[in-house]
Amino acid sequence: MAVITMREALNQALREEMLRDENVFLMGEEVAEYQGAYKVTKGLLEELGPKRVIDTPITELGFAGLGVGAAMVGLRPIIEFMTFNFSILATDQIVNSAAKMLYMSGGQFKIPIVFRGPGGSAFQVSSQHSQALESWYAYFPGLKVVMPSTPADAKGLLKSSIRDDDPVIFIEQERMYGNKGEVPEAEDFTIPLGVADIKREGTDATIVARSIMVPVALKAAEALEQQGISCEVVDPRTIRPLDIDTILESVKKTNRVVIAEESHPFCGVAGEISTEISERAFDYLDAPVKRVSGADVPMPYAKNLEQLAIPDVERIVAAVREVAYAD
Amino acid sequence: MAKTTQQMSKQSATSTNNMNATESSQTGVIDEPPPISPEKLKVIKKEQKNRLDGVDRATLVELFRQMLLIRRFEEKSAEAYSMGKIGGFCHLYIGQEAVAVGALSAIRKDDYVLTSYRDHGQALAKGISADAIMAELFGKATGCSKGKGGSMHLFDREVNFLGGHAIVGGQIPLATGVAFASKYKGTDQVTLCFFGEAAVNQGAFHESLNMAQLWKLPCIYICENNQYGMGTSLSRAMSFHEIAEKGAAYELASEFVDGMDVLAVREATQRAVERARKDYLPTLLEVRTYRFMGHSMSDPGSYRTRAEIEKYQERDPIKLFSSSLKEEGIIDDAKIAEIEKKIREEVEHSVRFADESPLPGPDELYTDIYANPVQPGKRRE
């Protein structure tokens, strides 16, 4: 297997799926001539041409809605948001059109579309450019929400998302584009949506982590191993539909769970997972479920404050030690 | 008085725009406050009669029949709503019939139509049966959206009716995307996108017109200017009222159209369709019309005077058209009575059909959420 960056893995997925199906087109700000604000779409304009790879004006509501309309009549758009922060302008079309079209048309109009781009924190880009919005989109029936944490997952899940017949919110992480990992080279390599992955096996505590919290959780698990605590790291990969069964299986084995996320805690995905665990595996718990979330504040600019706002290895280690009653 | 679009077109012709310049059909438009003078009515009538010449007799009668069908269907909807048979919101199209019927008579069956929540008229004119629409209003399983959409969300894939959309202006980017797909696939299908004048203040309108002209998309934007966004008059909501002229901001071809004359709407739409079909060019039509009923069934309409409504009713598009047809000997009272009788039967049938149809089964609550429902947790091999 080749070792490539997440950026390259996403690029491969886009290229392969666009070559596979000519109804797939890619549209967004700076995706074509500029080769992508984060170079995820590098080379695609040259290879696939301006009909398939389209630079848009800065008009998120407009081109998101255009994508949904095109999907109503058989195309399979990939709509790139330069960052998911800008998708906020397009939420009317994502939520009111894409998510509900199949239902309110009585099953007549499916919307096979992918909205993708980076989300979450970046490098000191302050409040309006550092938001984890997965809980917004995961709230809505009709949407699927995917968050990869490795280059292989990124490629396999993006290919599945493009082939899927429903609207998929595919949230990449700006700080992970350069992360490297092994990626299978087979053209038909895909990873199904709705399937969690156990990133590390363990016996004493479960850490549920997604996106950029997965490598952080793995580092925490290594540190905890040194301290005699064996952690299992479960990556749901798909937030909706959520593979709660895999999480529950792990919790039933370890009886302790920490959920790590960089999003705000209030009404967040960790809160949802925690509730599922309480409802369905309460008797297996030896300690209350513990969340490690991003600070409940708009993201600050100053480097030291930004670091305080994002969960790190130390906070996850401390949380696991707390649920393990290790101190 | 408004500037005409001809003046605007002269300005835009000096730009780099190489498309067909804006045309004008500044005739018969309701461009003065009521009352409409008898002289003006005569002019309006003469203009409609001039338009009769180019259209064959069967088509003229069919246009009349469709408008009357919408009127009677809507009257029956109001009745059913009052009886509690229809829930939620119910926005009637009475007064605006000439817009849907005129515009849709200018397109092919395989062309696309999207509209707002005031969608019964377009749905009927596009060919969804009165039965399927009434059943949808009644929330029945036999409705055109299986009872899941209701009055505001009529859909029918069979006739390329792509919905009633209930966020003001939300259908405008969608229609732009449907037109984008036609060009992408290389077909010559065009898309008609209807919206009220209040939607013109939304960003979705401006973003869509910009993209449509930038990328030359075969979308025809039909603004039904009925002069009220719910209870707020145009003059209280829009700084510059000449909506057709707003097309010039994006170099779109645009026209003012008399929305009370079904043939004026038809002709303007035909011109727009030709541009769209041949050259993938978008058009903005501002069709001036008036709704005779409230915004929805729950609107008492206290923001308008009875006198204002009555003056516009002098220009009732159905009365105007039937009297033109009669005076030209195209139709007589006997024929009108015959059409009226058939329509009454059709509408009565739709109510019986809707009444007798089953409610959606409880299992329908959880269907149609995903086209590809994923059972989470199936582990990878």
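Where does A:Cys267 lie? A:Cys267 sits in the loop between β13 (257-260) and α10 (269-281) of chain A. Before going on, a word about the model: it is predicted, so local features need pLDDT of at least 70 and side-chain atom pairs count only at pLDDT 80 or more, while totals for chains, interfaces and linings use all residues. Residues are numbered from 1 along each chain as its sequence is written, and chains are lettered from A and ligands numbered from 1 in the order in which they are written. Helices (H or I, at least four residues) and strands (E, at least two) are DSSP runs, numbered from the N terminus.

A:Cys267 has a positive phi of about 55°, although it is not a glycine. A:Cys267 is exposed, with 11 other C-beta atoms within 10 Å. B:Gln227 is buried, with 20 other C-beta atoms within 10 Å.

Now look at the sheet in chain A. It's an open sheet of 7 strands, in the order β3-β2-β4-β5-β7-β6-β12, with mixed pairing; two strands pair if DSSP finds at least two bridges between them. At the edges stand β3 (53-55) and β12 (238-240) of chain A, each with a single partner strand, so one side of each is left without a neighbour in the sheet. Strand β2 (residues 24-28) of chain A pairs with β3(A) in the parallel sense over 3 bridges, and A:Met27 stands opposite A:Ile54 in β3(A).

A:Pro241 is in the loop between β12 and α9 of chain A.

Finally, turn to where the two chains meet. The contact takes 46 residues from chain A and 39 residues from chain B; residues are in contact if their C-beta atoms, placed from the backbone, lie within 7 Å. On the side of chain A that touches chain B, the elements giving two or more residues are α3 (60-72), α4 (91-98), α5 (101-104) and α9 (244-254) of chain A. Of these, α3(A) gives the most, with 10 residues.

Terms used
Two residues are in contact if their C-beta atoms, placed from the backbone, lie within 7 Å. A residue is buried if 20 or more other C-beta atoms lie within 10 Å of its own, exposed if 12 or fewer, and partly exposed in between; C-beta atoms are placed from the backbone.
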